[in-house]
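Open the model in your viewer and keep the selection tool at hand. The tour goes one selection at a time.

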Amino acid sequence: MIQELLAGFVTIMEPAFLFWCLIGVILGTLAGALPGVGPVTGIAILLPVTFGMNPISALLLLMGIYQGAMFGGRISSILINVPGDAAAVVTTFDGYPLTKQGKAGYALTLSAFASFIGGNIGFIGLVFFSAIFVKIALLFGSPEYFALMVFALIATSGLTEKKPFKPILATLLGLVISTIGTDPVGGTERFTFGILELWDGIDFVVIAVGVFGLSEVFIRLENSVGVESIRNKIPFSDLFPKLSELLKDFWAMMRGSILGFVIGVLPGAGATIATFMTYSMEKKISKDPDSFGKGNTKGLSSPEAANNATVGGALIPLFSLGIPGSGTAAILLGALMMLGLQPGPLMFEKSGDIIWAAIAGLFVANLMLLILNTAFVPAFAYLIRIADRYLGPIIAALCIIGTYMLHNSLFDVGMMIFFGFIGYFLRKYRFPLSPLVLAVILGPMLEANLRQSLMMSNNDVMIFLTRPITLALLGLSILILIMPLARRIFKK
Amino acid sequence: MKDPLFTKEGMTLARTERWFSLCMLGTVLVFFIVSFQYNFISNESGVGAAFVPRIILFFLLCLSLYYVWTNFKKQPDEQQESSSPPSIVKKQMTLAIMLALCVAVIPLLGMLVSLGLFLIFALRYFENIPWVKSIVFSVISIVVMYLLFVKWLKIILPGGVFL
């Protein structure tokens, strides 16, 4: 294994191959930074660039685009509070508050460093633990996925907080919004009120861009004096965190990386769940949970590490079994087949040299990402300082064009504006947005897995209690629910 | 003495939240009633289309009722946080109208022209940037968007009458 990996590194150390990796990182970052584009669309759009290329060059380009696009979404999240993709939503929680404190450069550098750590943990996991995690991933069926979704929702919904009422309300609202459209099992239309465009449901990106991005434009009209700190010139040394500050968050990055990698292995789970769960975990174990959402660096660094660690995790089922672990991996599956490679158990035997070169390319892309994005931090910080007065209308314009790009639909733009109003009022009345957004994402998967499980067992609910992984996850969920109550009883 | 919902002095945040809670309750109630159009149990696939939404809506209805009740229970207080001043509310409503108009004219004028006009008027009205600067910035932004989205990403944007 080590020998093959070293051979892979030797293979890619040619200027031509490194050049394509660099191009991939740059293009991927740019694509990921655009609201509404994200890693999946970014790779899909840039895939034609690989046509006719040498397989190793093509794979290095794709690895670069994958890593770049995963990080790119953070840029718009941190700078203008518009998430580039679903997983970048969590970045807005503490990344944007740091920008409002005049620490945009700091946040971007921290994010780049955390992504580097996470990407490397994902890489190590891919190289050394593929075989073990493939076996675990194969054990996950519909009941296990249902239990995982329940666990993720309860862990991140705020049920365990001191004032859980509004988080619970937000979670349930998100679940209801997720039911609009077509029943995932029976195909019946639900809550469409005769509107044809709602038959496909409401795209998550429409909701996220509206609730986070457009609502920010309305909020900025109220707080126009509050962003004065951004307009002050920032000393160069303040653009970058000190090494001691980076190391302070090291264990948070490690925790996020490991959790992100494990969740990334599960097909369909993906970076979004990983980032939300990591954020929730950090908040729960923090000595200062109230500082989360106000620029806590662990709230930024840990999910960022998790996000990039999922790349390595998602590639395990793809390379080993031919099953894509995420939407982006699904596009990569198509790309691998176009290059004449057949993902699956025999791929390492038949095309091992190419695959190990691609895996080595993942590490190199990760390193390039760190160097490039850190180098551009002063430019980003300068841009945000001089463009502050222009940001509100620009954000609104980007929201409109980004949303339109999803399905070439003005209806989506209208829905985005509607959710912009909803997001504004939710923020005004102190409703947390993260439970709502996570519920919208997980709702369809939760329902589909629940109903498939009941179909498998002929409506026997014991299916959730007789499978060990399901039972363990549901047990953990109940434990999280009763812990605050138990704490109160013991305090008395 | 309980506060009336309407007041001439302007609404505090608590008072506007009452309206919000009532809207939420109304919406949830409508969804709950509509959910009875769908099957709760299905012969073919175990549970029906209404199973999950109706259960969620039931809990949401209970919580929304509680939310309305807690908002109306709050007594008026001089220290209550104020809602946004009328000038800000006016700006926000103007922004909402401008956004709606922008989307409405896209089929006629095209995406880029509509966004360009939106940027010009938004920068002038909301940020008090002089006309010339607003126009120059908007034109540059639209050119960048054209190069990025149309030329590079090959997205087909509505061209309106300029197609």
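Domain bounds, as used here, come from an automatic or database domain assignment. The model itself is predicted.

Start with chain B and select residues 13-73, which the assignment gives as domain 1. Then select 86-158 in chain B, given as domain 2. How far apart do the C-alpha centres of the two domains of chain B lie? The separation is 37 Å.

Next, colour chain B by secondary structure. Reading from the N terminus, the order is α-α-α-α-α.

Now take chain B as a whole. It has 163 residues, and 27% of them count as buried. Among the contacts in chain B with a separation of 6 or more, 58% are between residues 24 or more positions apart.

Show chain A as well, and select the residues where the two chains touch. Chain B brings 45 residues to this contact, and chain A brings 42. Select the helices of chain B in turn: H1 (13-34), H2 (51-73), H3 (86-109), H4 (111-127) and H5 (131-152). Each of them supplies at least two residues of the side that touches chain A. Which helix of chain B gives the largest share of that side? Select H3(B): its share is nine residues.

Finally, colour the side of chain B that touches chain A by residue class. There are 35 nonpolar residues on that side, along with seven polar and three charged ones.

Note on methods:
Residues numbered from 1 in each chain as written. Chains lettered and ligands numbered in written order. Predicted model: local features only at pLDDT ≥ 70, side-chain atom pairs only at ≥ 80, totals over all residues. Helix = DSSP H or I, 4+ residues; strand = E, 2+ residues; numbered from the N terminus. Buried ≥ 20, exposed ≤ 12 C-beta atoms within 10 Å, placed from the backbone. Contact = placed C-beta atoms within 7 Å. Nonpolar A, V, L, I, M, F, W, Y, C, P; charged D, E, K, R; others polar.
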